[in-house]
Amino acid sequence: MPLVAGVDSSTQSCKVVIRDADTGALHRQGTARHAPGTEVDPETWWQALIEAADAAGGLDDVAAVAVSGQQHGMVCLDADGAVVRPALLWNDTRSAAAAENLVAEAGPDGARYWAETSGTVPVASITAAKLRWLAENEPENAARTAAVCLPHDWLSWRLAGYGPGSGADGLAALRTDRSDASGTGYWSPATGEYLPDVLKTTLGHVPVLPVVLGPLEAGLRTPAGAVIAPGTGDNAGAALGVGAGVGDIVVSVGTSGTVFAVADAPTADATGLVAGFADATGNFLPLACTLNASRVFDATAAVLGVDLAALTDLALTAEPGAGGLSLIPYFEGERTPNLPEAEASLHGMTLANYAPANLARAAFEGVACSLADAFQAVTGLGIAAQRVILVGGGARSAAMQQTLSAVLGLPVEVPEPGEYVADGAARQAAAVLTGEWPAWKTQDSATVSAAPEPELLERYRAAVRRQY
Ligand SMILES: Nc1ncnc2c1ncn2[C@@H]1O[C@H](COP(=O)(O)OP(=O)(O)O)[C@@H](O)[C@H]1O
Ligand SMILES: O=C(CO)[C@@H](O)[C@H](O)COP(=O)(O)O
């Protein structure tokens, strides 16, 4: 009965689950908060991982561990293995102009070129755009950058005992997986190869890059001897955690809102709405991501002076349609659609409808409508939605569940509350240990079917069109 650990180092927190490798039974778990902001010292992730692992009873007795992490974050290391500057996260939009320039420099059909070459048209989130920003704005830091990796790669490396002072041998030990490599812009999901030219035209040189492990390939080991599995980007981790397969569309409501499908062939969306990522099993993970999801609820709850449970209760006392209010939730700029400078706005206010319950409902409906746009982009690639699965912290809200079902006009499957990204990582750890994907029992789910509200999405889209 070996134990395995799964780690989810996501934007807001680190979660650790420890499960039985044979049965998947949950033994222990722990969490720790991350620092806020879009520019973060990776050391704070490491300290949070230690804290979350301690809260989960430690990792000394696990036979394998895998780390899933927030995607795209730019972690630059110097020749010694020390971090060159704080990491720029996926939701840091300072690299928006750099992304635009990368597309323009690729010629009149630059977007198609990028979609076909790297799977994804660069936006501010993509690591390659962040490297270009670094080279243009902090040339000394760019020149000192001897290796570039992602949050999950760096944490796996720290788990193996590497860190500042590890030198060239340490950099050579960096490992990643195809799901996270596919979010960099300098790795091709279609060929499975790095794209050195992208690094030359962004960072200015080709740094040491993590070796991309195959789905069941063992990576490093912890000092205590546990196998470190390849790990994953957090969305690919969620796909593993809920057991998503071809025909499933997963909607995740965390700091980011994501809509993604498991596909058996790579995608290349030249509109730029859908990133052509790889998954953690050897398949692909076309994904549309928004910058504004669960934190819209946090902010609205704070404004209304209630907690998240009360926000949902309040929202459910309002009629569908929030009395005519439409919230465009682009508080942090937006990525889908690509409007990095956008701000949120509230439309349709009258003295009659401007009330706390309608505001609460408008927050959930606004996020649901923005996710419906992302959903349409994914299904627009010809991907059928046989089942829609809702995960992430925001999935705990009945208001989120119902408004998403109403706006999509589809039933939504809601797995029992859990840490599905960390669970996906634990599954991968078990798979690497045994050589095959474990046949763990899948989670219990409820199906939420709300009456379709197509006019709500029409009103939202009309407001977006008027504004942008
Ligand atoms: N009952 C709830 N209602 C609405 N949102 C919730 C609820 N519980 C948790 N959340 C949201 O979950 C978010 C954290 O989700 P999570 O998926 O862990 O985020 P991330 O992976 O980006 O760190 C918080 O921003 C919070 O708003
Ligand atoms: O940028 C993306 C996907 O492309 C985000 O989904 C990040 O991976 C962050 O995820 P969360 O912390 O919101 O789960």
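**Confidence**

The chain of this predicted model has a mean pLDDT of 97, and 100% of its residues reach 70 or more. The scores for the model are ipTM 0.99 and pTM 0.97.

**Surroundings of the ligands**

The shell around ligand 1 holds 18 residues, and those that come nearest are Ser10, Gln12, Gly254, Thr255 and Gly393. By class, this shell comprises three nonpolar, twelve polar and three charged residues. Two helices, H11 (294–304) and H12 (308–317), each contribute at least two residues to the shell around ligand 1. Of the contributing elements, H11 gives the most, with four residues.

Ligand 2 is surrounded by 18 residues, of which Ser10, Thr11, Gln71, Trp90 and Ser256 are the closest. Two or more residues of this shell come from each of helix H10 (234–241) and strand E18 (284–290). The composition of the shell around ligand 2 is four nonpolar, 13 polar and one charged residues. Ser10 is listed among the nearest residues of ligand 1 and also among the closest residues of ligand 2.

**The annotated position Asp234**

An unreviewed UniProt entry lists Asp234 under "active site". Asp234 is placed in helix H10, an element that gives two or more residues to the shell around ligand 2. Is Asp234 buried or exposed? Asp234 counts as buried because it has 33 C-beta neighbours inside 10 Å, the threshold being 20 or more. Leaving aside residues up to four places away in sequence, Asp234 touches Asp8, Ser10, Ser68, Gly69, Gln70, Gln71 and Val421. Among these contacts, Ser10 and Gln71 also belong to the closest residues around ligand 2.

**Helix H3**

Within helix H3 (residues 110–118), Trp114, Ala115 and Ser118 are buried. These three residues lie on the same side of H3, because they cover an arc of only 105° around the axis. The cover over the buried residues of H3 includes helix H2 (96–105), strand E10 (187–188), helix H9 (196–202) and strand E17 (275–278). Just after H3, Gly119 adopts a positive phi of about 90°.

**Backbone features**

Most residues other than glycine have a negative phi, and most peptide bonds are trans. Against that background, the following backbone angles deserve mention.

| Site | Feature | Angle |
|---|---|---|
| His72 | positive phi, not a glycine | near 75° |
| Ala322 | positive phi, not a glycine | about 50° |
| Thr336 and Pro337 | cis peptide bond, omega | about 5° |

His72 is found in the loop between strand E5 (62–69) and strand E6 (75–77).

The cis bond between Thr336 and Pro337 involves a proline found in the loop between strand E19 (326–328) and strand E20 (345–347).

Conventions: Residues numbered from 1 in each chain as written. Chains lettered and ligands numbered in written order. Predicted model: local features only at pLDDT ≥ 70, side-chain atom pairs only at ≥ 80, totals over all residues. Near = placed C-beta within 6 Å. Nonpolar A, V, L, I, M, F, W, Y, C, P; charged D, E, K, R; others polar. UniProt positions renumbered as here; feature names shortened; annotations may be inferred. Buried ≥ 20, exposed ≤ 12 C-beta atoms within 10 Å, placed from the backbone. Contact = placed C-beta atoms within 7 Å. Arc of directions from axis to C-beta. pLDDT = per-residue confidence, 0-100.
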